[in-house]
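Welcome, and please take a look at the sequence and the 3D structure below. The short tour that follows is meant to be read beside them.

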Amino acid sequence: MADTSVRAASRQAPPEDDGLPAIELVGVEKQFASAHGDVRAVEHVDLRIAEGEFFSLLGPSGCGKTTTLRMIAGFEEPTRGQILLHGRDVVGVPPFRRDVNMVFQQYALFPHMDVFENVAFGLRRKKVAKDEIKRRVTETLHLVELQGREQRRPRQLSGGQQQRVAIARALAMEPKLMLFDEPTSALDPELVGDVLEAMRKLAENGMTMIVVTHEMGFAREVGTHLVFMDQGVVVEEGRPTEVFANPRHDRTRAFLSRIL
């Protein structure tokens with residue numbers, strides 16, 4: 001895994017913007033065709049995410065959060081706009097050619113493979129050398145605190161441990177950006193803490209992360225920047241502590257009052 005330094009500063013203070021942003025969305029829109037005409041899922045979104053930020057996307061179901069995440073990952077293409085990864089427009093670039101990895105709600109582990117082989121899967125497809133595969137798998141399993149479980153099959157793990165294997169598999173590819181789409185929503189409540197702790201450790205190690213989540217306390221405590229979306233539009237953004245303490249928009253205020 002790429003060497004990243006632990007940030008001593010509070011996670012509430014965004015890193016210095018000393019160059020190109022890690023990711024930038026410029027006028028991004030997404031329309032889907034339906035029997036009743038085009039549906040605009042995302043409408044003219046402009047975002048700028050600095051290197052090392054923990055960037056939270058919040059909002060009600062169907063507001064465009066996951067669609068935005070999937071466009072950054074390359075699983076959906078924008079109808080209009082640019083998606084810049086370290087200054088390079090990646091619109092039209094397939095997911096496997098972007099330095100981005102996404103962790104989904106469902107773990108999507110291979111049940112016939114043990115933990116080591118699940119994490120090594122993408123590396124073997126890229127024909128990475130065996131010694132390098134072993135190094136990366138060992139390091140990432142240590143980071144998510146699954147060392148010693150390399151030979152276990154997914155069915156021998158808890159749901160939280162399986163999600164941490166999925167995180168390790170993504171990290172082993174050494175992405176520049178990690179995307180999380182509700183990574184705890186499929187977990188029993190008692191297992192959520194395991195995954196959040198793994199994500200906290202990534203944040204402390206300076207990984208650039210965009211997270212769609214309903215874990216409000218986690219987004220407020222660990223996040224450096226927060227965006228609230230509604231009906232495909234960015235309604236409000238800022239530092240998490242400021243947005244939670246003093247939401248400026250009625251839609252944000254109503255949403256937070258329902259879930260906090």
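The sections below go from the model itself to its sheet, its helices, its cores and a few single residues.

## About the model

This is a predicted model, in which local features need pLDDT of at least 70 and side-chain atom pairs count only at pLDDT 80 or more, while totals for chains, interfaces and linings use all residues. Residues are numbered from 1 along each chain as its sequence is written, and side-chain values use heavy atoms, with hydrogens and water left out.

The predictor's confidence in each residue is called pLDDT and runs from 0 to 100. For this protein its mean is 85, and 92% of the residues reach 70 or more. Residues 1-17 have a pLDDT below 50, and beyond near neighbours in sequence this stretch has 41 contacts in the model; a contact means heavy atoms within 4.5 Å.

## The sheet

Helices (H or I, at least four residues) and strands (E, at least two) are DSSP runs, numbered from the N terminus. Two strands pair if DSSP finds at least two bridges between them. Six strands build an open sheet in the order β6-β7-β8-β3-β9-β10, with mixed pairing. Its edge strands are β6 (100-103) and β10, each of which pairs on one side only. From one strand to the next, the twist averages 20 degrees.

V100 has L177 in β7 as its bridge partner. Helix α4 (residues 159-172) packs on the sheet and touches β6 and β7, its direction making about 175 degrees with that of β6. Such angles run from 0 to 180 degrees between N-to-C directions, with axes fitted as lines to C-alpha atoms, for helices over the stretch in contact. Helix α5 (residues 189-204) lies across β3, β7 and β8 (209-212), at about 150 degrees to β8.

Is strand β9 buried or exposed? Six of the six residues of β9 (residues 225-230) are buried, so this strand is largely enclosed by the rest of the structure. Buried means under 20% relative accessible area, exposed over 50%, and partly exposed in between (1.4 Å probe, protein chains only). In a regular strand the side chains alternate between the two faces of the sheet. Here H225, V227 and M229 point one way, and L226, F228 and D230 the other way.

Strand β3 (residues 54-58) runs parallel to β9, joined by four bridges, and L57 stands opposite V227. β9 and β10 form a hairpin with two residues between them, and Q231 in the turn has a positive phi of about 55 degrees.

## The nonpolar cores

A nonpolar core is a set of buried Ala, Val, Leu, Ile, Met, Phe, Trp, Tyr and Cys residues joined through side-chain atoms within 4.5 Å. The largest one has 40 residues, and those with the most contacts inside it are I167, M178, F180, M199, L202 and M209. Its largest share, eight residues, comes from α5. M199 touches F54, I167, F180, P183, M209, V211 and F218, not counting residues up to four places away in sequence. A second, separate core of 27 residues includes F55, I83, V93 and L179.

## Aromatic pairs

Rings of Phe, Tyr and Trp (its six-membered ring) pair if their centres lie within 6.5 Å; planes under 30 degrees apart count as stacked, over 60 as edge-to-face and the rest as tilted. By this rule there are four aromatic pairs. The rings of F54 and F218 have centres 5.6 Å apart and planes at 75 degrees, so this pair is edge-to-face. F54 lies in strand β3 and F218 in helix α6, so the pair ties together parts that are 164 residues apart in sequence.

F228 and F255 form a tilted pair, with 5.2 Å centre to centre and 50 degrees between the planes. F228 lies in β9 and F255 in helix α8, so this pair ties together parts 27 residues apart in sequence. Both F228 and F255 are buried.

## Two threonines

T252 is found in helix α8 (residues 250-259) and is buried, with a relative accessible area of 1%. T252 touches F228, V235, E236, V243 and P247, leaving out residues up to four places away in sequence.

T66 sits in helix α1 (residues 65-73) and counts as partly exposed at 29% relative accessibility. T66 touches D181 and V212, again not counting residues up to four places away in sequence.
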